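These are my notebook entries on a single chain and its surroundings. I record what I looked up, in the order in which I looked.

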Amino acid sequence: MNSELLLPYQGKVVKINRGGPEAKEGLLLEVSSDYLTLLTKDEGLIYYSNTHIKSVTSNAKSMEDWDLEIPEDFTFKRGSSFVDLVNNLKHMWVKINRGGPEAVEGVLEGADNNFVTIINNEQVINMSTFHIKSISYGLKLESTEEENNNDNNDSSNDNVKVSSNNRKKMSNKQKVAEIIEDLT
């Protein structure tokens, strides 16, 4: 999908694709030349290659109903192109494609315009860069409700849990506006 068609949705809650494992709903944080950045409640940040986006549906519910707290110092990986972004995830645990037979998880060893190399246990997986629909890494935010339920639980996962002490007293809409302003 052309990035110019996606720009009006930046900063809004949207659903990417209509169904299947690649369909996700979330906050469209950034539209780049050949990829977009979607912040989801359940999987954190997901980067989609524009080549594989079939549809975008805007969501009628307001940002205020979106109960995911965005911390004041929220940052995420970026790149000048999709391949550059993937290279910025080098040596991180990534998930490529959301489901189906081509879903892969592992440590990203490297990427170029032709192949991405992922290491998972004793396997070295070379995947065609063109066939990557989406990629995500360990960064994940927790919703307000989940955070309150998990305050007393020690979890030993690879996801980043952001302390509520790092949050500004402002609405999600204001936080999103600040993130998007920082991107421009």
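Entry 1. I looked up the accessibility of Thr-37 in this predicted model. Thr-37 has 0% relative accessibility, so I recorded the residue as buried, the limit for that term being under 20%.

Entry 2. I then placed Thr-37 in the fold and found that the residue belongs to strand E3, which covers residues 35-40. Setting aside neighbours within four places in sequence, I listed the contacts of Thr-37: Leu-27, Leu-28, Leu-29, Glu-30, Leu-45, Ile-46, Tyr-47 and Phe-76. I also checked Ile-135, which is 98 residues from Thr-37 along the chain; their C-alpha atoms are 9.8 Å apart.

Entry 3. In one of them, Tyr-35 and Tyr-47, the ring centres are 6.1 Å apart and the planes meet at 65°, so I noted the pair as edge-to-face. This pair links distant parts of the chain, 12 residues apart: Tyr-35 is in strand E3 and Tyr-47 is in strand E4 (residues 44-49). I found Tyr-35 buried, at a relative accessible area of 0%, and Tyr-47 buried, at 0%.

Entry 4. I turned to Tyr-35 with Phe-82, a tilted aromatic pair with 6.2 Å centre to centre and 55° between the planes. Because Tyr-35 sits in strand E3 and Phe-82 in helix H2 (residues 82-88), the pair ties together parts 47 residues apart in sequence. Phe-82 is buried, with a relative accessible area of 5%.

Entry 5. Lastly, I noted that Tyr-35, Tyr-47, Phe-82 and Tyr-137 make up one aromatic cluster.

Note on methods. Residues numbered from 1 in each chain as written. Predicted model: local features only at pLDDT ≥ 70, side-chain atom pairs only at ≥ 80, totals over all residues. Heavy atoms only, no water. Helix = DSSP H or I, 4+ residues; strand = E, 2+ residues; numbered from the N terminus. Buried < 20%, exposed > 50% of the residue type's maximum accessible area, 1.4 Å probe, protein only. Contact = heavy atoms within 4.5 Å. Phe/Tyr/Trp six-rings, centres within 6.5 Å; stacked < 30°, edge-to-face > 60°.
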